[in-house]
Amino acid sequence: MSEQELPPWLREQVVRLNQLQQNLQAILMQKQQIEVELVEVEKALEELTKAGADDAVYKSAGPVLIKANKDDVVKDLEEKKELANTRVMVLSKQETRLKENLKEVQGKIDEMVRGASGAGPARPKAE
């Protein structure tokens, strides 16, 4: 059965399922990018702890490196790390919610298909 042959109520659920899958994929990509950024920040902080008080520290300003105060750079990186951790936590919650929604929609589709293949078309339950 092609998508055009599906009953409208089932087609709606399939479209919703596809949208949820796309949203989940986008969230997973964002989360992965932030986790990579977080690892880079942690490595930078680790290297800064190894640097002595008299060692020169440079900060990236676009394509240019400028000399910076070590304490200021550490503070900036700590703030960046905290923000990244918060963003990962928020994205993880969104991921969990989307997975639950995906499971629910998949269950509805399965129920509709079983009902449609049985005695007449099964109508979705009112939400």
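Modeller: Helices (H or I, at least four residues) and strands (E, at least two) are DSSP runs, numbered from the N terminus. This is a predicted model, in which local features need pLDDT of at least 70, side-chain atom pairs count only at pLDDT 80 or more, and totals for chains, interfaces and linings use all residues.

Colleague: In what order do the elements of the protein chain run from the N terminus on?

Modeller: The protein chain holds two helices and two strands. Read from the N terminus on, their order is α-β-β-α.

Colleague: Which residue in the turn of the β1 and β2 hairpin has a positive phi?

Modeller: Strands pair if DSSP finds at least two bridges between them; β1 (residues 57-61) and β2 (residues 64-68) run antiparallel and are joined by five. Within this pairing, Ser60 stands opposite Leu65 in β2. The hairpin has two residues between its strands, and the one with a positive phi, about 70°, is Gly62.

Colleague: Which residues of the largest nonpolar core touch the most other members?

Modeller: A nonpolar core is a set of buried Ala, Val, Leu, Ile, Met, Phe, Trp, Tyr and Cys residues joined through side-chain atoms within 4.5 Å. The largest such core has 18 residues, and those touching the most other members are Leu10 and Ile109.

Colleague: Which element supplies the largest share of this core?

Modeller: Both α1 (8-50) and α2 (70-117) supply at least two residues each. The largest share, nine residues, comes from α1.

Colleague: Which residues does Ile109 touch, not counting residues up to four places away in sequence?

Modeller: Contact requires heavy atoms within 4.5 Å. With residues up to four places away in sequence left out, Ile109 touches Leu10, Gln13, Val14 and Leu17.

Colleague: Why does Glu95 count as buried?

Modeller: Glu95 lies in helix α2. Buried means under 20% relative accessible area, exposed over 50%, and partly exposed in between (1.4 Å probe, protein chains only). Glu95 counts as buried because its relative accessibility is 10%.

Colleague: Which side chain does a polar contact of 2.8 Å join to that of Glu95?

Modeller: A polar contact is a pair of N or O atoms within 3.5 Å; within protein, one must be able to donate a hydrogen and the other to accept it, and residues adjacent in sequence count only if both atoms are side-chain atoms. Beyond four places in sequence, Glu95 touches Leu24, Ile27, Leu28 and Lys31. The 2.8 Å polar contact joins the side chain of Glu95 to that of Lys31.

Conventions: Residues numbered from 1 in each chain as written. Heavy atoms only, no water.
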